[in-house]
Amino acid sequence: MPSPERPSADPNVTAALLTPSGRGAVAVIRILAAKPANADLPTSIIDAAFVSVSGRPLSQHPVGRLCYGHWTSDSTSEDVVVCRTDKYAVEVSCHGGRAAVNRILESLKAEGASIVDWQTQQAMISSPVDLELADAISQATTIRTAAIMLEQDSGRLKDALTQLLQLDLAELTPRLVELLAYSQLGLHLTQPWKIVITGRPNVGKSTLINALLGFERAIVFDQPGTTRDVVTGMTAFDGWPFQLADTAGIRNTKDELEQAGIQRARRTVESADLACLLLDTSCPPTAEDEELLSYFHKSESGDEPPAIIVANKADLPDQWPAAIPDDAVRVSSVTGHGVEKLIATIVEKLIPDVPPTSTNIPISYRQIQWLDKAWQAAKADNIAQARSAIADCLSGSVFVDETAVA
Ligand SMILES: Nc1nc2c(ncn2[C@@H]2O[C@H](COP(=O)(O)OP(=O)(O)OP(=O)(O)O)[C@@H](O)[C@H]2O)c(=O)[nH]1
Ligand SMILES: [Mg+2]
């Protein structure tokens, strides 16, 4: 196949193979005006090689009509179906083997077309917001998150952002608030929520992560200090993506290796979206349990993430009478009792508000930063600055925080 190249300074036409290269029943080549927004495709480039069975040149066939015919080049002829999909684009479907594809691309190149890869060509007809969305959809790990993003596809998210430019201040501010309401969820459509399982040694953290994941990911042993490194696993609860992290049990120790594991555990807790603090209620509370409980009960403005208190080993006699916090979820990681309730509590805590169908949701950090800037400007009655931030969001500009100290 002629190797894809970056379009030269101002080519009139690009051609790209849309189907995966290699063997296939049918291959599709798209020929596109290089500036689709303001130039029609010169169909003469197709007519140089394509002869329809009706004998009429392609320019005389209406948009959307499938034309069967032959592609003739170098004294060979391929059976093809050609369709003007738009006034600036034509698709040629041919035999899926490499030989047919190469011959057609070579003949288009000989007529002056620039051969590019499909991503380069797609960038010519998609807005930056659409491209970001396509990229995000390709990263979706669950059907639920993919479905939410697909609802924004076909230009809907871009159109919603474009409409903001027409609004006056009174209408703009609430629309921006609506868009930003689901910004955290938007980021998690491609990135899982991070949950860390923490607690003192031997309380059952590794047993719980295995129960939550449904397979033996972490080593379980009846000696404290078994887990040393951070062990992670991916799963989905209720269609939402989660990364679970099992960590070293937290305690005072002189063992340097264990200390290093505890440091890592603490860092993992700090960067998590949610912590599950595990208590072993089959043994009386220890000073380490009390310390961990008070850490997670500090004011919400602290570094600690929100936490769910999990009272484990509920299958054994309770040694914490009256000391278990009221909001603790009782589970037995060995029998599985209470694990479903714990999953429901995790989902409720992290995704308390599911967006109604068709809600527009920004899906990248870049989009959120520009929309937040627009909202700040709108609140300060600066409509010009708000519109400029929205325009930057639409144009794909990288967000630069001018207020950040250099
Ligand atoms: N009866 C009972 N035993 C449990 C339960 N959960 C864990 N265990 C047992 O508790 C012991 C420690 O379990 P682990 O999962 O290794 O504990 P851990 O918190 O990961 O321990 P470290 O990695 O040392 O911090 C093992 O013998 C488990 O079988 C439970 O719900 N009930
Ligand atoms: Mg462990």
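Author: By class, the lining of the largest pocket consists of 11 nonpolar, 3 polar and 3 charged residues. Please note that this is a predicted model.

Reader: How many residues line the largest pocket, and which lie nearest its centre?

Author: The lining has 17 residues, and those nearest the centre are Gln184, Leu185, Trp193, Leu350 and Pro352.

Reader: Which elements give two or more residues to that lining?

Author: They are α7 (169–181), α8 (183–188) and α12 (339–350). Of the elements, α8 gives the most to the lining of the largest pocket, with 4 residues.

Reader: And how much space lies in the largest pocket?

Author: The space in the largest pocket is about 350 Å³.

Reader: How many residues surround ligand 1, and which are the closest?

Author: There are 23 residues around ligand 1, with Lys205, Thr207, Gly225, Thr226 and Asp315 the closest. By class, this shell has 7 nonpolar, 12 polar and 4 charged residues.

Reader: Which helix gives the most to the shell?

Author: That is helix α9 (residues 205–213), which gives 3 residues to the shell around ligand 1.

Reader: What about oxygen atoms of the ligand?

Author: For Thr226, a backbone N or O atom is 2.8 Å from an oxygen atom of ligand 1. For Asn312, a polar side-chain atom is 3.2 Å from an oxygen atom of ligand 1.

Reader: How much of the accessible area of ligand 1 does the protein cover?

Author: On its own, ligand 1 has 650 Å² of accessible area, and the protein covers 89% of this.

Reader: A change of topic: how many cavities of 30 Å³ or more are there?

Author: The count comes to 1 cavity of 30 Å³ or more. The largest cavity holds about 70 Å³ of space.

Reader: Which residues lie nearest the centre of the largest cavity?

Author: Leu17, Ser21, Gly22, Arg98 and Val101 lie nearest its centre, out of 12 lining residues. By class, the lining of the largest cavity has 5 nonpolar, 6 polar and 1 charged.

Reader: Where does the largest share of that lining come from?

Author: Helix α2 (residues 98–110) provides the largest share of the lining of the largest cavity, 3 residues.

How values were computed: Residues are numbered from 1 along each chain as its sequence is written. Chains are lettered from A and ligands numbered from 1 in the order in which they are written. This is a predicted model: local features need pLDDT of at least 70, side-chain atom pairs count only at pLDDT 80 or more; totals for chains, interfaces and linings use all residues. Side-chain values use heavy atoms; hydrogens and water are left out. A residue is near a molecule or strand if one of its heavy atoms lies within 4 Å of it. A polar contact is a pair of N or O atoms within 3.5 Å; within protein, one must be able to donate a hydrogen and the other to accept it, and residues adjacent in sequence count only if both atoms are side-chain atoms. Accessible areas come from the Shrake-Rupley method with a 1.4 Å probe; for residues, only the protein chains shown count as cover. Ala, Val, Leu, Ile, Met, Phe, Trp, Tyr, Cys and Pro count as nonpolar, Asp, Glu, Lys and Arg as charged, and the others, Gly among them, as polar. On a 1 Å grid over the protein atoms alone, a cavity is a set of points where a 1.4 Å probe fits but cannot get out, and a pocket is an open set with protein on both sides within 12 Å along at least five of seven lines; lining residues have an atom within 4 Å of a point. Grid points are joined across faces, edges and corners, and a volume is the space filled by probe spheres set on the points.
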